[in-house]
Amino acid sequence: MFSNPLIYFVVIPVIMLLGIYLSRNMAQIRTVAVAGSLALLGLSAWLLVDYLGLRAAGADAPMLYRGDWTWFSAMNIKLSVGVDGISIAMLLLSSIILLTGSFASWKINPLPKEFFLWLILLSIGVFGFFISIDLFTMFMFYEVALIPMYLLIGIWGTGRKEYSAMKLTLMLMGGSAFLMLSLIGIYYNAGLHSWNLLEIAQADSIDHTWQMFLFPMAFVGFGVLGAMFPFHTWSPDGHACAPTAVSMLHAGVLMKLGGYGCFRVAIYLMPYAANELAWIFLILTGISVVYGAFSACVQTDLKYINAYSSVSHCGLVLFAILMLNTTAMTGAIMQMLSHGLMTALFFALIGMIYGRTHTRDIRQMGGLMKIMPYLAVCYMIAGFASLGLPGLSGFVAEMTIFVGSFENTHTLNRVFTIIACCSIVITAVYILRVVGKLLLGPVYDKHHEELTDATWWERTSTVTLIICVAAIGCFPNFFANLIRTTFSPEIFKVLGM
Amino acid sequence: MEPIIPILILCLPLLGFLVLGLLGPKMSHKAAGWYGVLSIGTVMVLAYITAITYFFSGAPEFILDGTRLQYVVFNQDWLNFYKDLTIRIGFLLDPISALMLVVITTISFCVHLYSLGYMEGEKGFQRYYAFLQLFSFSMLGLVVATNIFQMYIFWELVGASSYLLIGFYYQRPSAVSASKKAFIVTRFADLGFLIGILILSYYTGTFNFTDLTGSVLANGSSVNNLITPGVVASLKFGGASFMGCSLLTWALVLIFMGGMGKSAMLPLHIWLPDAMEGPTPVSALIHAATMVVAGVYLVARLFPLYLMEEAALLFITVVGAITAFYAAVVACTQVDIKRVLAFSTISQIAFMMVSLGVARPEIHEGLGYMASMFHLFTHAMFKALLFLGAGALIHAVHSNDYTAMGGLRKYMPITHITFLIGCLAIAGIPPFSGFFSKDEILSACYENNFIWGAWMSMVAGLTAFYMFRLYYLIFWWDEPDYGHHKPHDAPWPMSLPLIFLALVSCVAGFIPFGEFVTWNGEPYHIHINWVGVAIPSIVIAVLAIALATFMYRKKNPLPDKVAKATGALWTAAHHRFYWDEIYMFITHKIIFNLICKPIAWFDRHIIDGTMDGLAWCAQRLSITIRPLQSGNVQSYVYVYLFGALLLGGVTAAVVLL
Amino acid sequence: MEIKLLYYLVPSLIMFCCGLYGFLTRKNMIAMLISLELMLNAVDINFTVINRYIFPDSKEGMIFTLFAIAIAAAETALAIAIIINLYRVTKKVETDEASQLKG
């Protein structure tokens, strides 16, 4: 079992849990957290290189590093692992954000030990989800990722934290109820006595009538986590109240679980229904894209702005997945990577600014460029990434999505593609509005003039993220090929593409 | 041609940006400034070498039987979408890109040098140079683009560097809002550009200019002609149409919309006058000479495609003609000298647009195209000269308004002479460069349709009038009280570029431009139609200058009287015909108040309210049924007893009956 | 005179009803406990007599009765302990007044 490298994505966090449990002071906790996340980052980087090597050597299985270990034989539930390019991209993203999140929580207070314990537990869920290809195990890890969120927001949050934590948890739980139903439906209707994704996808044996019933449930179930309109309202409140690292991990990684799940479960297993019903969700996600952007234009709380911007950007992910062609889906995965990184950067910076000014209201701040130039420049870079400046990650992801979406010739798809394109203008409006009010102009509050610029751990966190954002933006073909080559032809067979 | 020089042309400014951006704060002002100047100077030399090689080497990849070819120096895959649809980063060498390389690097070098003096001692000096380098990189990348998506990428980058430079004085709220406005307006235009690219690339299956606009020859070079575009248009688009226009027309008009944004055509012009909030050298570089002509360049780049669609060309002509007139009228009434120049820029770019719009292969072998590029070149030189001159004036009197100036010819002789040369050039007086290029444009207009020609001649007259109005108000008129610090000419780093550009403006008109730049690469021999076009336009210009001299040479009440007499028209022109107010109304009152706010309200109260409402219902329900579970055993027993008796009764009834 | 099954069942029914009535009407926990015991004993009587009259060969009814008596004793001890503790805290043993733990 331990000869499979993937299993270490769960083992390392478990060891970290133990290490943090045994730590006696802040320094030890930090050491364990940083060392562990570095190990995870190293592991995913190694995995990336090794994976590309294997592919180059001719490995053509849909998933590599396969491993199966039964843990409940009556239902044939297994811990099945395996990765393709998409999962590797997601694992890389998660480990980067865990690392930067650890740096961002350098001074977490109170109860640092408990905070890190829950944070690592959450990351076990995330990593487990991305390596699993067994529907049941996948769902289990999904739940493991959701529960700690309640405590992390409820205890270490700010503002109306109990309300937000409860709302977030209940809405996501509501989504996972749908999800559970649809997973059980898939299990019984595929008739294979197997929870394995690949086997179910290859057999494609789910009855079409059942697909029409199960697909919407699975899509909505994951869509709630992907902040799909109208199930997105947990996102602004949840993000606004969550502590920095949790916002980062949640917007950066957890919301990606939604998009990943929609792709990996809903569309991969039920392509027929996906093709038939895509238009409904296309309308919803198309609305998400523009709606989120318009809402962000009038918010005054930095975190709300970013949360609505996430609604818009994550809407674009689901939107692109629903276009059901390779280019748009590649764009969707790239958008997940890109949004994960830049939104983590945003939340990290907002946390740092809030930690200094003790307000997140943009009307109460101004001219921070003069006071804390480093943070302000980083914020500006994040903003540019968000509004899709070439050379940063947002541009390549959005352009791949738009070009791919335009490939789909249905009138409805065309219309919504053009509507989605409009979001690039609205995004520019709200990003520049914030940049103008928050960073530029004269200093609003004289008390802010004594504030200090970033510390070394804050710089580490932001620089890492910025380098990643720029790397995707400057060398997109590497990532695009990594993702594109893993779209197995099976799903497109049904779609006739 | 070896790709090393082109690579250096692109990489040096980028490197400059990174070095100055990252290490700038640790460098002294002097080191940063000179590093920037040297970097762009090297690039300029390399660009000249490239252009000279292209035009004069006679190598078979550049010229074939007298026809200049398009040559792709290198083309690197950057992002692959599907099949052959790939964004590449490359370097396309053809007449217009070689021309633009020369224009951009020359002006950029002048501005770098000039800024050493102009920006001396400013806070953020290194940052300024970093942004200038970023801009130069983006603009060079734009003009050498081998495919339309590369152009779009750098198009966005120049937009961003323009944003950064307009907002250079970031603590000044007006600069912040001007930069924001510039970015958002051009972003809106880019939306059209993007959709146009999507349509075009979907139906043709390629982004490459060489595939879109020309045919590729055996040696890898390609030539612009009407074969491929015709094939593209007929085969790929088929009969597809949308709302009565063919899809190709839609694509081209939408792409032109991008150009309208960058080149400040009506109604997307509103950002350019505000962009004057940036440092003056920046206005000279970005908002007069290079970035704002990107729209013209874009149309020129896709010209063979535009030739396929008469409607798109007509659209360009109409937009250009209206803009030219509008901007010229507004320029007559502005107080801020930089705004006068800004409106003049808008008007002159509109000239180039009209020229492209009226160009047809059958009219003097596409004279309009050549004239447009010629004017682009001469305009870049004399407008940069005028802006840099204005910078010297502002530097001397610390105000942008002509009301603070007057009689400066005595104090600033170099600035005076060079500014006068610029004014003569833009007014179209021979032998200055503007005369020759404007004459070609007017010829092209008259050849196409007399109405366009007459209209543009009128605008040319207005141009001469407002430029000399400005000139007299600055250098003659009445001398205000300058106090102890009499204005004086600027230091040499500032004067040198002025003198150089003035010299160029004097001689540039004699360049046989048609030999170098035509739409299909075949040489065209310029001949000036003295009787039909040149003499009348000189007469118009001289009359306009005479009128300006009469009105503004000495302080007199005549201008005020004219202003009063024209009343509402004057006020409207002074307020730029209320475009800003209209936009304010649309963006703030309609989009912000009627779309954004209701959506935000809807989200908080309806969507979120529904979710909260569900939670509230669940809570109410549990409160309602909670008394049943009172914890009081006796009440349970009552219920139990009742249930047991009921069940017993039912059983008994069933058994008995 | 033959002693019929009914002669046992009627008193046990009366006893059960008394217990039930007491359990429903009394608020005092001790009284409720006593009522509960009455009902239990009525059931015990039923167990034994029905076993004795209807299934004379088997012993299950008897065994269950003994079992029930043992459990009733344990239960009573527990209930009394709770009641005494409650009394120590609140000085009351009425059911409707012991509601401090309700939310």
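Start in the middle of things: select A:Ala89, A:Leu349, B:Ala384 and B:Met456, which touch the most other members of the largest nonpolar core, a set of 442 residues. A nonpolar core here means buried Ala, Val, Leu, Ile, Met, Phe, Trp, Tyr and Cys residues joined through C-beta atoms within 7 Å. Buried means that 20 or more other C-beta atoms lie within 10 Å of a residue's own; 12 or fewer makes it exposed, anything in between is partly exposed, and C-beta atoms are placed from the backbone. Now color helix H16 (residues 367-397) of chain B, which gives this core its largest share, 22 residues. Helices (H or I, at least four residues) and strands (E, at least two) are DSSP runs, numbered from the N terminus.

A word on what you're looking at: this is a predicted model, where local features need pLDDT of at least 70 and side-chain atom pairs count only at pLDDT 80 or more, while totals for chains, interfaces and linings use all residues. Residues are numbered from 1 along each chain as its sequence is written, and chains are lettered from A and ligands numbered from 1 in the order in which they are written.

Zoom in on B:Met456. Leaving out residues up to four places away in sequence, B:Met456 touches B:Ala321, B:Ala324, B:Phe351, B:Val354, B:Ile441, B:Leu442 and B:Cys445. Contact means C-beta atoms, placed from the backbone, within 7 Å.

Most residues other than glycine have a negative phi, and most peptide bonds are trans. Select A:Phe229 and A:Pro230: the bond joining them is cis, with omega about 0 degrees. A:Pro230 sits in the loop between helices H8 (208-225) and H9 (234-241) of chain A. Over in chain B, the bond from B:Pro430 to B:Pro431 is also cis, omega near 5 degrees.

Last stops: A:Leu111 isn't a glycine, yet has a positive phi of about 50 degrees. Find A:Leu111 in the loop between helices H3 (85-104) and H4 (112-131) of chain A. B:His398, in the loop between H16 and H17 of chain B, has a positive phi near 60 degrees.

Note on methods:
Two residues are in contact if their C-beta atoms, placed from the backbone, lie within 7 Å.
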